[in-house]
Structure formats: structure tokens, C-alpha cells
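Please find below a short note on the structure, arranged as numbered points. It is intended to be read alongside the sequence and the coordinates.

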Amino acid sequence: MIVPLVVFTIAAAVAIYVLLPLLGGRLREADTVPAMPPQIDATADALRDLDLDWSTGKLSDADYERLRAQLLREDESRRRTGARRTGGESS
Amino acid sequence: VLGEVGRFALQAAIPMAVFGLIATACGMRWRHAGLLAAGQRAADAWAALIALAAGMLMAGLLTRDFSIRFVAAASESTQSLFYTAAAFWGGHDGALLLWAVILAGYIVAATRRFRGHPALLPGVTATLFVVAIFFSVLLSTASNPFTPLTPPPPDGRGLNPLLRNPWMAAHPPMLYLGFVGMSVPFALAVAALLARRLDDAWIVLARRWVLVAWTFLTIGLLFGAKWSYVVLGWGGYWAWDPVENAAFMPWLTATAFLHSIQIQERRGMLASWNVALILLTFGLTIFGTFLVRSGILSSVHAFANAPAIGYQFLGFLAVLLIGGFGLLAWRWEDLRAAGSPDVAERIDSVISRETAYLANNLFFVAGVVVVFLGTIFPALTEAFSGVRVNVGPTYFNRAMAPIAIGILLLMGIGPLLPWRRATPEQLSRNFAWPASVGVLAALVIGAAGLRDPGALLVFALAAFVLATIALEVWRGAAVRRRRGEAPPAALLGLLSNNRRRFGGYIVHFGILLMLVGIAGSSEYATQFVGTVRQGERFQAGAYALEFLGFSEAQQPGIDITGAVVRVWAGGRPIATLVPQRFFYRAQGQPMHQVAIRSTVREDLYLILSEWTADGRATLRALIHPLVSWLWSGGVVIALGVLWAAWPARRASPQPASDPAPKAAVPIDSVAGG
């Protein structure tokens, strides 16, 4: 007797927990707004790394400038893309 | 009750995972927030059901509920509490449940971690649900650990004695944390392909997950090697056994991935390659499980011979690979376009860090091909000719040695090369000192009498790589010292502000230790055998081994015979070792308990081979130089990963010395964003 009771209780609890988002609310479009991916940290990491290479003499000034500008340009491009997706440009 | 609740939980897990997949897929298709939320909750519920099943099985083991077939097969009343709990993964069905438990943990962690990334989250969740469905079905049908046993026997058969060792108790959880951990980056790659988010955002997210899984895999491999070393009594730690190889292959591809993503992050190249590597890595973890479960290859580790289950894994592997690589082909043009628009997919110079990383990837992939072919060769020959032909360790050692040496060389070269191109001046400035150290090391080691060319090359290259790491630290710290920082602060600041790079160097140092340990122990191992009576000695290299007599002991279910041996060196006693032979009464199975005296220089490894009624003991003594370096390397690697993965401070970094050139934009503009 105890097993069916335990099983029923678990099944009911799980079903309520899972179906709750579908029971109460109206149908609404999913929030498809993508958060900014962790590019900021990644770009900062890459720039920090580049600075270290340059300051220890592993990169020429010309390559350093070019790579640094490229990283910043890519970061800016990603941010613009992110802003377009979030509608940030109009706000 | 335990069995019934466990069975229910596993059966309920199937519809829950199916519902989660459908809800998530429909939520993605119709952009329906309620369905997506229900899918997320289904992930939690699936995890809870698997946890409930796991709890029931653990309770069954601890209460010795022999009405559950698995409990009766993997435990017995005299078994210690520790090994009774470890018996959870000591048998096929329980091991699969452990896989599901770990998957449940990763699903819960991933669905929470990626909540801030709604473009990728549904794809990740749906992909993980596909994996969850497979394991739920398997656990509810062919591999159900709650299959009842009627009538229950008075006692169980007990855990396989070979598995009653702390290293083996810890080996499967570590390995599975690595194997299953690869499912999250796999799911991220699939999600990125589905959502057409093919810039490097997904690899930035995946990197830490791969790093964590890679670390567990490394530790799992080392625990397995340690178990082999201390339990199997053959004196080695790696035999190129199919099951070892199965775990080694995803390690190789994951290592390649951890390097190649840097090219994508820095230069916008190899986007497709990185997706392929991670698909392959997870595919290889499933392939490895197929090898272990199917019984198509003989192995000391394979504890199941169930072709039907093996072929289910093979079918699942086919679904994963066809689905994954099909998606990759579908998005091929998007991936090509995902590279930075102003960076053509080309290498500016052969002498650049990009080239070093590319070569590194080629070596790792070559390693996978070598190991894969050698592993499946017996099955292939049997399929085509009816005769099983094993290639043996000689093939693996000969084929892998140049690959390992190539990787070792690149470990030194890569970090010293700049991105894009290196000038001759940079090369001479960067390599003169480390190359000199390598040559000097070769000369000194050669003069000391070590002449084996392979080992000599490994030691010299290790010295070269160590010198490159030291040079990197020295130069970086020197830049900070010039800014007025005290030496300790300069060092700490350098390591803390560049965690990823210097964490990587710490990992490289750990790999160095391991390679030196492998080279030393495999090339310079010596063996001595002596049959002695009480009070007699025999010489084993620099050691004299004096047999003091037998020791007898009993533990529940085990008879123990040991040989007490006093170890002499330089005319004085330095240790007493007791190699033992355990005899498990219920299983009728003997097992070695070797005795090891381990130092930085070498291991003295003692085995009680046999003994006679008239009091003679035959002892086998093996001397393995530098084995402890192998295990120390594992600890260093774990510390390196911890350092690299530790969250960095969000403070804006500044150029380490002079101000940036005029054209450079201050880094604050990004970091502060």
C-alpha cells in the first residue's frame, strides 16, 4: 500500500512542478532576447594577453597595433550585433 | 520498497525526458515561453527522478537488500561500508546509473548557467534531453539496476575483488565526470549550430566546461593508471588496453580543442574545426562506453560482456555523429562566414603561434588516429578474417613516441612565438636561452650515463620547455618590476592577471613531469627475482632485501598472507615493506597487494609472487625510476586548471610597461563595457 502512495505522491508533485508554467499563464512569445555573451571578458582576456606579449617583446609594434585594433573592432561589431538583437539601437 | 520506487523513478524518467525534449523543441519552434519554462522544469524533474533512483540503489546497497539483483551481485554481508557504497558503480547497471546521475547534475548546472543566454539555452537543453532519453531507456530496460531477484539469496556475491581498491573506487566517478562533462560543450555546439550563433560566443562558454571535464578525465585516467600499478601486480600503469585507450582518445581531442579555440578567439579561424572537435570528443566518450560494455574487445577493465547493450551504444553514437556532423554540414557556409570579416583564413607566416597551435592539433589528431586504429584492429581483423590479431604495446609505443615528442617540442615553441609572425631577431632572442638549456641538459644527462636516445630526447626537451616557461615568467615579472613592483608582488600580479596563460603553463609543467616520469620509468625499469628463506637477503639494484618472515591475518571474507621484508641501502635499513596476497574466500580469488617504497628518484615495487610450505618466499622487485613524477604531474595539472579556471577580477588591465602605441585604444573601453 505504501509503494503506490509514494509513487502517486511523487508523480503528482513532479507533474504539477513541470506543468505549472503551462497551466496558469497566457501564451506569450518567448523572451528571445539574447543576453550579451561573455565576450567582454574574452576580449579583455585577449587584450591583456596581447599587452603581455607586446611588453615582453614578443610582438612587434606594428603587429601589436594591428591585432589590438582587430580585437576591438570585432568586439564592437559583436556589441552592435547584440544591440540589434536586443533592440538596443532604438532605445 | 526500494526496488519498486527505484524502478518507478527510472520508468518515469523516460516520459519526463521525452516531454522535456518535446516542450523545449516546440518552445524553440513557436517561441513559446511557457513551453520553454516547462522544458527547464522537466530537466529539474528528470534530475530529481534520477537522483531518487540513485538514492534507492544506494539505500539498497547499504541495507543489503538482496532482493535487488544488482545489490546481490555487487555486494556481500562481509563487505566494508566503503566498498559497499563504491559497489554502486562496481557493476554494469549501477555504473550506467552513475552516468545518469552525473548527467543529471550537469543538466541542472548547465540549464542554470546558461539562463543568461536564451538564444543557446533551449538548444543545450534539447540536446541534453536526447542524451537523457537514451540513458533513461537503457536504465529502464536492458540495464535496469532494480531488476528483482526472487527469492533473495541469504548473501550476495560481492564486489569483484579487483575493484576493492581506493583508486578504483574513485576512478569511475572521475572518469564519468569527464566523459559526461563533455556532453555540455557538445550540447553548446549543437545549440550554436541550431541557433546559427556561430561566432566564438559558444566556445567562450564551452571553454570552462571542457576544462573542467578535461581535468576530471585526466584525474580519472591517472586514478586508473594508479590502480593498475598497485593492484594488477605487473609493475606497470599503462598497457594500451582498449578500455584505457577508450578514455584516452576523448582526452586527446579535448586537449586539441582547448588549444585550437585560442586560434578562433584570437584570429577568427578554425570555427568549423572546433565544432568538429567537440562533436568528436563527445562521440568518443560514447564510443569508449560502447567498447567497455559491448565485450567486442577483451580488456582487464571491461566488466560487462553484453553485445546487445554495446550495440545500443553504437546506435546512439551513430545518431549523435550523424546528427552532429549533419548539422555541421548544414551550417558550413555560416561557419565560414563566422570568421572575422577582415581576417582572411590564412596564416601570415609559418613561424607564428597560429602555426604552432595548428601543428599541435595535427599531432593530437594523429594520436587519436593511431590509438583508434590500434584499438579496433583486433575487432577489424576478426570481422574480416575470423582471426583476432592484437597489435600490442609495441605498436602504440612506436607510433605514439614521435607524436608525444612533437607535442613536447611544440609545448616549448608555441608560447614563445608571437601571433601572426616572428622575426629572426625575435626568434633568436626568445629561443637562445631555452635551447641552450635543453642542449646543456642533454649533455649533462648523457655524461651521467643515460644513453637511451628516446629518453634523452624527452629529458632534453623537458628542460627546454621548462626553460621557456621560466623565461615567460621571468620576462613578465621583469616588466612589472620595472613599474616599481616588488618581486613577489610582480610575480603574483603577473600570474593573477593572466590566469589563463599561466594556468596553462602550470598544466604544461604538470604534463612535463608526467612525460619525464613515463620516459624514466619505461626506459630504465629493472626487475629482480629472489627466492629466499627467513633471514636471507637478495640484491635488487642498490637495495638488499632481507626476508624476515611471513605474516598472516584475516579480514571479513579475506585471508591475507604477507612477506615482511626489510630493505637495506648503503649498509643501513631504510624501510620495511610487506607485499601481500589477499585471498577472497567467497569468490575464490587471490589478489596482489604490492608494497611500494616511493621516492622522488624511484619506486621500489615489491610483489609476493609465491611461497612454499617449507617457508621459502619468491619475491619480485621492480625498480621504476621517476614514477612519482607521473603522479605529481597529475596534481600539478589539477592545480594549473584550478588557477586557469578561477574567475578573474573584473579590474581593467593596463599594458604591462610602456603606454600602448598611439593607435591602440585603451583596454578599459572594452573591459568596462
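The points that follow concern a predicted model and take up helix packing, a sheet and individual residues.

1. The contact between the chains. Helix α1 of chain A, residues 2-23, packs with helix α1 of chain B, residues 2-30, at an angle of about 20°, and their axes are 10 Å apart. Angles under 35 degrees count as roughly parallel, and α1(A) and α1(B) are therefore roughly parallel to each other. Their crossing is right-handed. From α1(A), the residues Val3(A), Val6(A), Val7(A), Ile10(A), Ala11(A), Val14(A), Val18(A), Leu19(A) and Leu22(A) take part, and they meet Glu4(B), Val5(B), Phe8(B), Met16(B) and Phe19(B) of α1(B). By class, this contact of α1(A) with α1(B) has 13 nonpolar residues, no polar residue and one charged residue.

2. A helix pair within chain B. Helix α17(B), residues 453-482, and helix α18(B), residues 487-497, pack at an angle of about 115°, with 8 Å between their axes. The range 65 to 115 counts as roughly perpendicular, and α17(B) and α18(B) are therefore described as roughly perpendicular to each other. The crossing of α17(B) with α18(B) is right-handed. On the α17(B) side the contact involves Glu472(B), Val473(B), Gly476(B), Ala477(B), Arg480(B) and Arg481(B); on the α18(B) side it involves Pro487(B), Ala490(B), Leu491(B), Gly493(B), Leu494(B) and Asn497(B). The residues of this contact divide into six nonpolar, three polar and three charged.

3. Thr468(B). This residue also belongs to helix α17 of chain B. Is Thr468(B) buried or exposed? With a relative accessible area of 1%, Thr468(B) is buried. Apart from neighbours within four places in sequence, its contacts are Met411(B), Gly412(B), Leu416(B) and Pro434(B).

4. The sheet of chain B. Four strands form an open sheet in the order β1-β10-β9-β8, with antiparallel pairing. The edge strands, each pairing on one side only, are β1 (526-532) and β8 (595-598) of chain B. On average, and with direction ignored, neighbouring strands of this sheet are turned by 20° against each other.

5. Strand pairing in that sheet. The antiparallel strands β1(B) and β10(B) are joined by seven bridges, and Phe528(B) stands opposite Ala621(B) in β10(B). Nine bridges pair β9(B) with β10(B), again in the antiparallel sense; here Glu602(B) stands opposite Pro625(B) in β10(B). The hairpin of β9(B) and β10(B) has five residues between the strands, and Gly615(B) takes a positive phi near 95° there. Four bridges join β8(B) to the antiparallel strand β9(B), residues 602-611. Ile596(B) has Tyr605(B) of β9(B) as its bridge partner.

6. Burial of β10(B). Why is strand β10 of chain B, residues 617-625, described as largely enclosed by the rest of the structure? Nine of its nine residues are buried, so β10(B) is largely enclosed in this way. Ala617(B), Leu619(B), Ala621(B), Ile623(B) and Pro625(B) point one way from the strand, while Thr618(B), Arg620(B), Leu622(B) and His624(B) point the other way, and all are buried.

7. Ala85(B). This residue lies in helix α4 of chain B, residues 81-86, and is partly exposed, with a relative accessible area of 22%. Ala85(B) and Ala59(B) are 26 residues apart in sequence, and their C-alpha atoms are 9.1 Å apart in space. Not counting residues up to four places away in sequence, Ala85(B) touches Met58(B), Leu61(B) and Leu62(B).

8. Most residues other than glycine have a negative phi, and most peptide bonds are trans. Arg64(B), which is not a glycine, has a positive phi of about 50°. It is placed in the loop between α2 (33-62) and α3 (69-74) of chain B, and is partly exposed at a relative accessible area of 23%. Trp240(B), also not a glycine, has a positive phi of about 55°. Trp240(B) lies in the loop between α9 (201-231) and α10 (242-267) of chain B and counts as buried at 13% relative accessibility.

9. A cis peptide bond. Thr150(B) and Pro151(B) are joined by a cis peptide bond, with omega about -10°. Pro151(B) is found in the loop between α6 (121-140) and α7 (166-181) of chain B.

Key: Residues numbered from 1 in each chain as written. Chains lettered and ligands numbered in written order. Predicted model: local features only at pLDDT ≥ 70, side-chain atom pairs only at ≥ 80, totals over all residues. Heavy atoms only, no water. Axes fitted to C-alpha atoms, helices over the stretch in contact; angles between N-to-C directions. Helix = DSSP H or I, 4+ residues; strand = E, 2+ residues; numbered from the N terminus. Parallel < 35°, antiparallel > 145°, perpendicular 65-115°, else oblique. Left-handed = near helix turned anticlockwise from the far one by under 90°. Contact = heavy atoms within 4.5 Å. Nonpolar A, V, L, I, M, F, W, Y, C, P; charged D, E, K, R; others polar. Pairing = 2+ DSSP bridges. Buried < 20%, exposed > 50% of the residue type's maximum accessible area, 1.4 Å probe, protein only.
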